[in-house]
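Here is a short briefing on charged side-chain contacts. Please view the model alongside the text.

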Amino acid sequence: MKLIDSLRREFDQEAKTTRKHFERLPEEKLEWRPHEKSFTVGGLASHITECAGWTAAIFNQAEFNFDPATYKHYSAASLTDLLDTFDEKIRSGRLALAAVGDEALAQLWQFKIMGRLRFEKPKRDVFRDFALSHMIHHRGQL
């Protein structure tokens, strides 16, 4: 089995599990937070949705240049908005994963903050860290 096939299956499984969690969120509790320093439930779910969205960015681009002054974080307006946006990010991720083979996994990807290189890693590692592991980590918090 090729590595990309394994990653595609893992992405699909994590997307399925995450969506089940989102479907169970009570709409009236999206603003609840367990502690004043914590994300709200809706904020955390929105961030998880952004994590899923990294998949397309990783495989469709060679770099991401983050500017905190101009970056607009996604914030779900409702449970329906959250589910629709999550589904769209998963669709985009699946399309990106379908278009690459094992050779693309070794290509280097750069993360910059305001033009300064923070790291450069193979796309397979960035996908695992930024998309899969990050999504799983925050789903555990949820």
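**Salt bridges in a predicted model**

The side chains of R19 and E23 form a salt bridge, with N and O 2.4 Å apart. The model is predicted. Ten salt bridges are present in the structure.

**Within helix α1**
- R19 and E23 both belong to helix α1. They sit four residues apart, about one turn of the helix.
- R19 is partly exposed, at 23% relative accessibility.
- E23 is also partly exposed, and its relative accessible area is 45%.

**Between helices α1 and α5**
- E10 and R128 meet through their side chains in a salt bridge of 2.9 Å, N to O.
- E10 lies in helix α1 (residues 3-23) and R128 in helix α5 (residues 123-141), so this contact ties together parts that are 118 residues apart in sequence.
- E10 has a relative accessible area of 23%, which makes this residue partly exposed.
- R128 is partly exposed as well, with a relative accessible area of 33%.

**K121 and D129**
- K121 pairs with D129 in a salt bridge. Their closest N and O atoms are 3.0 Å apart.
- K121 is partly exposed, with a relative accessible area of 28%.
- D129 counts as partly exposed too, at 35% relative accessibility.

Key: Residues numbered from 1 in each chain as written. Predicted model: local features only at pLDDT ≥ 70, side-chain atom pairs only at ≥ 80, totals over all residues. Heavy atoms only, no water. Salt bridge = Lys/Arg side-chain N within 4 Å of Asp/Glu carboxyl O. Helix = DSSP H or I, 4+ residues; strand = E, 2+ residues; numbered from the N terminus. Buried < 20%, exposed > 50% of the residue type's maximum accessible area, 1.4 Å probe, protein only.
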